[in-house]
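Here is a brief report on the packing inside one protein chain.

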Amino acid sequence: MICDHATSAEPETLVKDVIAAAGGKDKLLKLFRMEERYNWGSERKSPGKPRTSVVEPPKYWWKGTKERGKEPAKTPTWAWTLGALTDAKSQIAIIPDVTENKTPLDGLRITGTIEPPLDMYFDKKTRRLVRIDWRKDIYVFSEWRTYDGTVYSSKCIIYKRKTRTPWFHHEIIKLDRLTELPKNLKR
């Protein structure tokens, strides 16, 4: 989906465009399994450390059969799925535009369901999520894929906000939408 109009003063318009660009509200990821590779450090190392996770944002994220508890990564993952934009308790406001890798981005700030506030930035043309600023980090997304009608970013680099130094690299190798929680996992 290509959107050539400027950001509306109303956040609802941007949210509607963003969700449509991701495949629509019915295609947003709510419970899913992902095969991942990741590594810590300033450079992406190939192939990275593998793991399989089951995620049900915003509350649950299992690595293997262990639920991660009070894991901060659950919050930006919920934002990445765009679920934070659809929660009736989320308060959403337009924030100033930024540029990431020469791409102009429109911004939204989420409060009410996320503390401290989380900022999401979307490509002005494609309406895809390009960046999340939260706490002391900047998450930059790339390499878009489509799975079962859902458009998602398969790679993310997390940077320290103060220095813009990369410290974590993440890649989704395989994604599976789940209709129910696997029997070996407990909420």
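## A buried pair and the cores

The side chains of E100 and R164 are joined by a polar contact of 2.3 Å. A polar contact is a pair of N or O atoms within 3.5 Å; within protein, one must be able to donate a hydrogen and the other to accept it, and residues adjacent in sequence count only if both atoms are side-chain atoms.

This is a predicted model: local features need pLDDT of at least 70, side-chain atom pairs count only at pLDDT 80 or more, and totals for chains, interfaces and linings use all residues. Residues are numbered from 1 along each chain as its sequence is written, and side-chain values use heavy atoms, leaving out hydrogens and water.

E100 sits in strand β5 (residues 91-100). E100 is buried, at 5% relative accessible area. Buried means under 20% relative accessible area, with a 1.4 Å probe and protein chains only. Contact means heavy atoms within 4.5 Å. The table leaves aside neighbours within four places in sequence.

| Residue | In contact with |
|---|---|
| E100 | L105, V130, R131, V140, R164 |
| M120 | A79, L82, L85, D106, G107, L108, I110, L129, R131, I132 |

The largest nonpolar core has 35 residues; W80, L82, L85, L118, M120, F122 and I132 touch the most other members. Helix α1 (residues 11-21) gives this core its largest share, four residues. Such a core is a set of buried Ala, Val, Leu, Ile, Met, Phe, Trp, Tyr and Cys residues joined through side-chain atoms within 4.5 Å. A second, separate core of six residues includes V54, L178, L181 and L185.

In α1, the buried residues include P11, L14, V15 and V18. Just after α1, G23 has a positive phi of about 115°.

Definitions and conventions: Buried means under 20% relative accessible area, exposed over 50%, partly exposed in between (1.4 Å probe, protein chains only). Helices (H or I, at least four residues) and strands (E, at least two) are DSSP runs, numbered from the N terminus.
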